[in-house]
Amino acid sequence: MLIRPIEEGDIDALQAIAVETGPGFTSLPDSRDFLIDKIAHARESFQRTQEAGEGINEAALYFFVLEDDRQPLDSADRLAGCCAIEARVGLDAPFYHYRIGQLAHSSSHLELHRTLDTLFLCSDHTGSAEVCSLYLRKRWRGEAQRPMRNGTLLSRARWLFMAGFRERFPGRVLAEMRGRFDDDGKSPFWEALGQKFLPIEFQRADHLTGMGEKGFIGEMMPRHPICTSFLPPSARACIGQVHTQTRPALAMLNRDGLRFEGYIDIFDGGPTVEAYIDDVRSIRDSLTARVSIETALSTEERPGWLAATTGAAADFRAGWVGRGPQEGVIALTPEEAKRLNVEEGETLRLLAT
Amino acid sequence: MLIRPIEEGDIDALQAIAVETGPGFTSLPDSRDFLIDKIAHARESFQRTQEAGEGINEAALYFFVLEDDRQPLDSADRLAGCCAIEARVGLDAPFYHYRIGQLAHSSSHLELHRTLDTLFLCSDHTGSAEVCSLYLRKRWRGEAQRPMRNGTLLSRARWLFMAGFRERFPGRVLAEMRGRFDDDGKSPFWEALGQKFLPIEFQRADHLTGMGEKGFIGEMMPRHPICTSFLPPSARACIGQVHTQTRPALAMLNRDGLRFEGYIDIFDGGPTVEAYIDDVRSIRDSLTARVSIETALSTEERPGWLAATTGAAADFRAGWVGRGPQEGVIALTPEEAKRLNVEEGETLRLLAT
Amino acid sequence: MSLIVRSATPADLDAIMAMAMMARPALTNLPADRERLKARLALSQAALSTGIDRPGDEQYMLVAETDSGEVIATATIKALAGGREAYYTYRQETLIHASQQLDVRREVNILSISHEMSHATLLCALATTDHDQAASARHLLRAARLALIVRSPERFAPTLFVALSGYREAGRTPFWDGVGRHFFSRDFDEIHRAASLGSRSFIGEVMPPFPLYLPLLDDQAREAIGRAGDNHLEAVRAWQREGFRLSRHVDLLDGGPLLEASRDHLPHGQWLPAQIAETMPENACPGTMLITPQRLGDFRTCVVTAAINEHGQCVMDANSARRLSVEADEPVLVIPFGQTSDSEGRPC
Amino acid sequence: MSLIVRSATPADLDAIMAMAMMARPALTNLPADRERLKARLALSQAALSTGIDRPGDEQYMLVAETDSGEVIATATIKALAGGREAYYTYRQETLIHASQQLDVRREVNILSISHEMSHATLLCALATTDHDQAASARHLLRAARLALIVRSPERFAPTLFVALSGYREAGRTPFWDGVGRHFFSRDFDEIHRAASLGSRSFIGEVMPPFPLYLPLLDDQAREAIGRAGDNHLEAVRAWQREGFRLSRHVDLLDGGPLLEASRDHLPHGQWLPAQIAETMPENACPGTMLITPQRLGDFRTCVVTAAINEHGQCVMDANSARRLSVEADEPVLVIPFGQTSDSEGRPC
């Protein structure tokens with residue numbers, strides 16, 4: 001299994017993923033034109049050469065696929081999943097959140113002093129990086145596949161990319177988490193807030209947002225602050241809470257140091273978690289080592305070390321290797337070296353997981 | 001030199017400090033009644049016993065003094081400075097900031113998409129801890145005193161207290177930094193904003209705030225958001241910037257991991273820096289060791305290890321020790337042990353600085 | 001027609017205090033506090049005996065008195081509702097939310113805190129005893145206050161209003177429960193008491209400055225906006241008959257309606273010289289008139305059966321003239337008094 | 001008095017297009033665009049020939065024509081300023097900032113975005129050629145539009161207003177530079193062009209919803225609030241003479257003043273039957289009157305020397321009657337036409 005940048009030829013497989021994910025996965029709508037544009041944008045981003053300080057006002061999309069290199073080369077089943085990094089959100093279309101703020105409310109006359117939790121429609125994250133679009137196809141999930149740690153590979157390979165190409169990213173990174181839904185698949189937060197102001201269904205609102213068409217949010221959603229106490233308890237209980245299925249992903253991001261800082265999704269109230277990129281544990285703890293290709297290596301049962309290339313961004317590869325570095329040298333089997341497309345003496349970035 | 005909780009008997013020395021600091025140091029107004037109350041509040045806070053989860057709705061003040069134990073016991077000159085921690089700000093009186101937020105401003109019709117920086121009057125930090133009231137008297141400052149590192153002792157001893165009595169504090173800590181003033185001692189931010197709404201001088205506003213009488217802020221200052229572009233460039237240049245004299249203090253807090261997160265003082269625009277308490281470097285990196293009192297120890301020239309007691313809060317002591325721990329044991333000279341009021345076998349919290 | 005309305009004097013203190021104590025719910029504008037009532041009576045008397053050419057802090061207290069001299073009702077006009085302070089209300093407004101992308105346009109209703117009504121004249125503090133004629137006294141006090149305004153328009157603001165108690169149900173105030181409670185976490189009655197004990201303006205001043213979105217209010221609170229309490233519906237109709245109409249403003253605390261009228265659109269009445277006669281002139285059709293003498297220093301009005309004769313004089317009987325202290329040829333303000341009865345006669 | 005004002009017809013397209021192109025600065029409400037003007041002329045004609053009992057999307061275009069049939073001026077009434085959209089303005093408001101602690105009370109002036117004026121009737125799009133009589137035509141078109149409103153009040157809103165261009169100095173618009181530029185980072189002329197090309201309402205809709213604090217505006221912008229451009233001062237005075245007064249609203253883009261009047265407080269005029277005579281009746285004092293026939297389907301008015309005779313008829317000469325297409329005994333609306341000259345005659 002290996003992570004690499006998406007390529008033009010992946011379009012059929014990507015569309016198959018879009019069909020598989022369904023409408024709930026808003027960043028991959030089942031629209032071939034949209035996906036072709038997405039791939040083109042990603043190719044252009046990877047191929048761009050960028051020095052520190054350059055391009056800080058340009059959006060860039062780093063879109064990766066997880067490839068199953070055990071499958072025949074021409075198989076449609078080589079693509080096992082995908083993940084992405086938006087280098088700077090909100091540059092082309094507004095990027096909205098509700099921010100939970102505290103308003104002081106006090107009167108000496110009434111001997112009253114308290115604070116009110118208030119939702120502010122804001123775009124505070126404009127310019128931050130976002131990790132997004134993570135999807136692992138069903139075949140590569142489940143108990144039998146667990147030892148391969150495909151989900152971890154998809155999620156954390158991105159940190160190694162960001163560590164290796166730090167100059168392409170701003171100071172902060174965020175991830176948006178799906179909010180809490182009730183047993184009928186409805187979002188109480190949406191019912192109490194979005195639905196009162198938008199003449200469309202949750203799915204359509206979510207879809208439009210996924211397509212980057214967010215103008216309607218600023219036009220239709222309340223732009224004055226809202227005291228949360230005016231929302232019903234069921235909606236308040238959604239604020240900053242994640243969907244049951246999203247808990248493992250949240251836990252993984254939390255372990256990397258991403259935290260909820262009071263920003264929520266305007267539709268479902270789900271939390272945004274965020275961190276300074278340089279504080280992300282996987283980035284801080286990653287280290288580099290020189291490759292030594294050796295034939296007589298044993299492979300550990302549980303992949304514990306993640307490896308990523310450090311050459312050109314467009315040639316990025318990441319995957320599990322069977323052991324860690326020893327005194328600045330990482331020993332690879334010939335298969336591992338082939339998978340990562342590295343040769344003796346090249347440098348890899350490594351992370352113990 | 002040692003740090004200890006303030007006591008009732010320190011009132012004269014504290015008032016002398018209040019006189020010396022002058023009106024610029026707002027948390028120590030020259031008012032004997034106010035100072036007596038402050039000491040009483042601090043004594044009560046130190047003496048309180050508190051379990052994890054208790055007292056989270058109660059304000060507490062941990063006020064310390066720096067004592068020069070080389071001076072005669074009855075000398076008025078034993079008090080070299082002070083520092084404090086507010087366990088939870090904003091519980092008794094509103095705690096205001098301006099928060100800098102981004103508002104999206106876009107129109108497809110005009111092909112316009114941008115964000116506007118906006119100041120929101122908020123009380124988001126209600127319930128956070130604050131490190132404050134740090135003052136080192138002139139006699140203990142300057143080139144000759146530098147090797148004693150009194151300023152560092154005052155500032156960082158607080159982290160050891162917080163590490164040792166973690167259950168007394170909330171999740172986050174902040175410090176407010178004095179803002180930028182021009183060569184005439186005026187704050188361009190105040191001139192452009194506060195002065196337009198308050199019928200009083202900067203010093204009086206600052207003084208009232210120091211006394212905890214902040215009701216007038218919510219009553220008189222603009223409560224609707226303000227776009228920063230409406231402020232003159234001189235005022236905008238103050239936003240989040242510190243006074244020249246405050247730079248060293250800011251650098252010290254930055255090294256401990258406290259960062260500017262977009263909250264500024266409503267009067268002078270100076271930054272608030274903040275962190276999760278568990279992330280503060282001095283807290284994270286501190287360790288504990290058992291005391292071994294030895295007579296034949298040499299004292300290093302530059303104090304490099306900070307030591308603090310771990311017994312009752314009311315008996316807290318902190319000071320420099322001449323060496324670090326070896327395998328969980330910290331060797332102290334009899335003088336150091338006496339200064340810290342510890343005996344053989346007791347536990348100290350230590351921090352390499 | 002045996003009632004007369006006159007400006008209150010310090011001698012009315014006991015009677016007014018008694019009515020203030022009886023009022024349920026307590027009237028914000030009529031504190032059951034002797035010292036404050038006493039001060040207000042003095043101010044009212046002073047205002048009437050001073051030449052005033054624009055509205056200010058003045059409050060005019062009137063009482064209704066029976067033939068036998070018993071004071072059975074009182075009401076007040078505050079020349080400016082705010083006086084030295086602000087009179088806060090919620091103003092009903094509409095925002096337009098339109099999206100080209102979705103091709104929709106919606107009107108979103110909000111309530112904004114406003115102090116516009118501070119500069120209008122407030123008719124308030126109507127209280128009565130349980131006298132048989134209390135309902136008539138209420139009716140008369142409504143008309144009498146307007147007569148005072150017509151008599152001396154320069155003392156009042158161009159806009160007049162009354163604020164009627166909002167809708168309550170089973171002892172709860174749904175508007176407060178859905179709005180104010182979020183900010184104050186106190187019961188309505190508690191905040192109402194705090195408001196009547198002194199300044200009400202602090203309440204508006206400490207509330208968040210942002211508007212409330214009606215779609216986010218609960219149904220009960222939304223339905224209470226501008227809705228009068230059940231026992232004030234008759235008062236709403238009575239004021240409407242006097243030419244008042246529902247305002248965009250509602251009470252900040254209970255959402256009750258404000259009704260407003262334009263001072264300059266009140267029925268003007270006519271200034272006519274009085275004539276005192278034992279019998280009505282034969283060719284005149286006598287009518288029920290509210291008669292108000294012009295005299296400065298006090299105010300006095302009552303409903304009289306009078307006629308306007310061919311010389312343009314207002315003919316009334318000697319008894320009425322005596323009660324109004326009117327002498328022949330003295331100019332009086334004559335306003336036809338509607339027969340529209342006010343059977344319930346609820347306080348306003 | 002050789003000018004007549006009449007409703008515009010499709011045949012006036014060329015003349016109106018020429019005036020729209022000449023207007024400097026370009027008029028937001030009179031686009032120099034043949035297709036749009038053509039559509040608007042058709043709508044105007046359709047509105048006049050339809051029975052309408054409440055204001056809606058209608059626009060009424062009028063022209064002023066000389067004796068010789070030359071069209072030298074045009075003006076429009078939009079029955080509702082917003083039509084299907086919102087008409088955004090800044091409303092001048094006052095907040096009260098009071099502190100018991102400091103014992104102070106301050107009034108803080110703000111500008112709030114408002115679309116209240118959407119529901120009022122807008123008098124706009126006055127343009128002329130450079131004909132000698134252009135100033136008279138402007139004066140006449142002001143009065144004529146009011147006559148149309150008096151003739152058919154049910155077609156218009158209770159509030160009428162005009163918006164005059166704001167203050168400019170050396171080619172800059174200080175209000176825009178101090179306010180709008182912060183939001184749009186474009187020049188006034190560029191945004192003005194975008195606004196006149198289509199909907200203006202999007203401008204209000206994308207602006208931050210929070211009010212502006214006047215103390216934070218620069219002096220030039222603050223002084224431009226409600227201040228008309230130097231060459232519109234005469235127009236302000238002319239509208240004031242017609243009974244319009246400065247409104248609390250100002251233009252969103254340039255801060256120019258809005259002047260408003262109440263439809264029902266316009267000089268009412270009288271409906272009188274026409275009489276056509278060669279000479280004025282001897283015992284009547286002939287005056288200058290604005291005469292408007294009642295006839296549906298079009299609108300036509302001009303200033304005539306006429307008299308009201310003892311039978312309550314409006315006596316005019318045959319020439320005037322012919323120009324107005326009035327026949328004997330036909331009812332006409334007669335409004336005295338003030339002699340107050342409008343020597344500068346700036347556009348509104």
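User: Why is B:Phe161 called buried?

Analyst: In this predicted model, B:Phe161 has a relative accessible area of 0%. Buried means under 20%, so B:Phe161 is classed as buried.

User: What makes the rings of B:Phe46 and B:Phe161 an edge-to-face pair?

Analyst: Two values decide the matter, because a pair of aromatic rings is described by the distance of the centres and the angle of the planes. The ring centres of B:Phe46 and B:Phe161 are 5.7 Å apart, and rings pair if their centres lie within 6.5 Å. Their planes stand at 80°, and an angle over 60 degrees counts as edge-to-face. The pair of B:Phe46 and B:Phe161 is therefore edge-to-face.

User: Which parts of chain B does this pair link?

Analyst: B:Phe46 belongs to helix 2 (residues 32–47) and B:Phe161 to helix 3 (residues 150–164). The two residues are 115 residues apart, and the pair thus links distant parts of the chain.

User: Is B:Phe46 buried or exposed, and why?

Analyst: The relative accessible area of B:Phe46 is 1%. The limit for buried is under 20%, so B:Phe46 is buried.

User: How many aromatic pairs are found over all chains, and which residues of chain A do ring pairs link into a cluster?

Analyst: The search of the whole structure finds 47 aromatic pairs. In chain A, ring pairs link A:Phe46, A:Tyr62, A:Phe64, A:Phe161, A:Phe165, A:Phe169 and A:Phe316 into a cluster.

User: Why does A:Arg281 count as partly exposed?

Analyst: A:Arg281 has 36% relative accessibility. Buried requires under 20% and exposed requires over 50%, with partly exposed in between; A:Arg281 therefore counts as partly exposed.

User: Which residues gather with A:Arg281 in a patch of positive charge, and where is the patch?

Analyst: A:Arg284, B:Arg281 and B:Arg284 gather with A:Arg281 on the surface. Helix 10 (281–284) of chain A and helix 10 (281–284) of chain B each supply at least two residues of this positive patch.

User: What makes B:Asp182 partly exposed, and why is it neither buried nor exposed?

Analyst: B:Asp182 has a relative accessible area of 33%. Partly exposed lies between the 20% limit for buried and the 50% limit for exposed, so B:Asp182 is partly exposed. B:Asp182 lies in the loop between strand 7 (172–176) and helix 4 (188–192) of chain B.

How values were computed: Residues are numbered from 1 along each chain as its sequence is written. Chains are lettered from A and ligands numbered from 1 in the order in which they are written. This is a predicted model: local features need pLDDT of at least 70, side-chain atom pairs count only at pLDDT 80 or more; totals for chains, interfaces and linings use all residues. Side-chain values use heavy atoms; hydrogens and water are left out. Helices (H or I, at least four residues) and strands (E, at least two) are DSSP runs, numbered from the N terminus. Buried means under 20% relative accessible area, exposed over 50%, partly exposed in between (1.4 Å probe, protein chains only). Rings of Phe, Tyr and Trp (its six-membered ring) pair if their centres lie within 6.5 Å; planes under 30 degrees apart count as stacked, over 60 as edge-to-face and the rest as tilted. Patches are made of residues with over 30% relative accessible area and no salt bridge: like charges are joined within 9 Å, nonpolar side chains (Val, Leu, Ile, Met, Phe, Trp, Tyr) within 5 Å. Accessible areas come from the Shrake-Rupley method with a 1.4 Å probe; for residues, only the protein chains shown count as cover. A salt bridge is a side-chain nitrogen of Lys or Arg within 4 Å of a carboxyl oxygen of Asp or Glu. Lys and Arg count as positive and Asp and Glu as negative; His and the chain ends are not counted. The place of a charge is taken as NZ of Lys, CZ of Arg, CG of Asp or CD of Glu.
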